[in-house]
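My notes follow as numbered points.

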Amino acid sequence: MHDHSTWSIPVVIRRFGRPLSAVRGLKVMTMNSSGGRRKPPTIHDVAREAGVSRGTVSRVLNGGHYVSPAAQEAVNAAIRKTGYVVNRHARSLITGRSDSVGFLLTEPQERFFEDPNFNVLLRGCTQALAAHDIPLLLMLAGTEDERRRLTRYITAGHVDGVLLVSSHSGDPIAEELRAADVPLVACGKPIGLRSRVSYVAADDRDGAREMVRHLLSLGRRRVGVVTGPLDTPGGVERLAGYREVLAEAGVEADERLVVSGDYSRVSGELGAERLLAQAPDVDAVFVASDLMAQGVLTALERAGRRVPQDVAVGGFDDSPAALAARPELTTIRQPWDRISTEMVRVLLAQIGGEEPAAVILPTELVKREST
């Protein structure tokens with residue numbers, strides 16, 4: 001519970017630039033003894049409480065330049081005591097910044113609610129930005145019209161930078177934002193734009209390699225794969241890791257063992273059905289996401305195949321879907337907390353004038369009951 005003097009950092013969902021709903025961030029109103037609304041504290045109240053000038057308070061709020069440590073501590077203590085909150089609109093008129101960041105998901109709206117990875121990443125980015133008192137706007141752009149409208153909204157200066165999630169090859173939005181000098185950090189290696197766009201990614205290829213090696217170590221030799229979308233970095237890199245390990249092990253490539261999905265549960269189910277039809281002797285499946293792996297398990301059960309006795313199944317992400325699966329999934333853990341923290345760090349550095357940067361984080365094999 002919050003006490004009656006605190007504010008929480010808002011996450012505002014926007015589509016076409018309009019709020020859909022406020023997930024968090026409502027101010028808890030304080031009431032005076034007469035039942036009326038108490039007047040919010042001002043910068044003058046902070047200055048009076050701290051025993052400093054209004055100009056000193058303003059300098060603290062704008063980065064603390066030319067302020068002694070003692071004065072800065074006095075101002076910060078006064079802010080906490082009075083409950084003062086910065087008027088972002090007024091400050092943006094002075095600084096030319098919106099003091100907000102966009103979380104741009106280039107997927108249909110229903111995918112956001114289905115795939116647990118997006119929610120985990122959103123929560124992590126929100127918490128990382130909260131430490132800097134910066135709100136996060138969730139923007140859903142699943143159609144071409146939505147992308148155009150949101151591109152106009154972003155380039156008009158309504159956010160200071162963008163955290164881009166689930167970018168697809170051929171999607172122009174990243175290029176358009178970079179051309180407009182909008183600070184941008186992608187989650188995953190943006191295909192075709194790596195040298196010009198900051199990104200933070202798990203090592204998808206190495207994670208796939210580790211999973212396929214694990215399946216082969218169990219004595220499985222007909223290892224199939226349900227890939228992610230092959231116009232996304234994760235889809236491309238995880239398939240490449242699968243192929244590399246099979247080649248290293250001297251296992252003959254068989255394209256009947258390769259089917260594609262779109263990271264949804266339904267596509268995993270359909271993919272497994274295709275695998276069983278094309279290669280009925282399949283004895284292991286590497287699935288490029290835990291959510292798709294849930295669908296694979298459903299299809300295998302319907303076909304009378306036991307997991308892991310008949311077919312071993314490995315996922316990717318270590319999302320809540322891995323623990324919800326029956327049996328629980330062996331999977332590749334992506335360090336979501338570090339990914340979100342690094343995305344925010346790199347974006348804020350870019351907003352502050354630094355050059356684009358790339359961060360690749362290691363993955364980890366997590367063994368459970370499905371292999």
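**Cysteines and rings**

1. The closest cysteine sulfur to that of C125 is in C187, 7.7 Å away, too far for a bond. A disulfide here means two cysteine sulfur atoms within 2.5 Å. By this rule the count is 0 disulfides.

2. The view from C187 gives its closest cysteine sulfur in C125, at 7.7 Å. C125 is buried, at 0% relative accessibility. C187 is buried too, with a relative accessible area of 19%. Buried means under 20% relative accessible area, exposed over 50%, and partly exposed in between (1.4 Å probe, protein chains only).

3. This is a predicted model: local features need pLDDT of at least 70, side-chain atom pairs count only at pLDDT 80 or more, and totals for chains, interfaces and linings use all residues. Residues are numbered from 1 along each chain as its sequence is written, and side-chain values use heavy atoms, leaving out hydrogens and water.

4. How many aromatic pairs does a search of the whole structure find? It finds 1. F286 and F316 make a tilted pair, 6.4 Å centre to centre, with 55 degrees between the planes. Rings of Phe, Tyr and Trp (its six-membered ring) pair if their centres lie within 6.5 Å; planes under 30 degrees apart are stacked, over 60 edge-to-face, the rest tilted.

5. The pair links distant parts of the chain, 30 residues apart. F286 is in strand β10 (residues 284-287). F316 is in the loop between β11 (312-314) and α13 (320-324). Helices (H or I, at least four residues) and strands (E, at least two) are DSSP runs, numbered from the N terminus. Both F286 and F316 are buried.

6. R238 has its charged end over the ring of F316, 3.9 Å from the ring centre. The rule: NZ of Lys or CZ of Arg within 6 Å of the ring centre and within 35 degrees of the ring normal.
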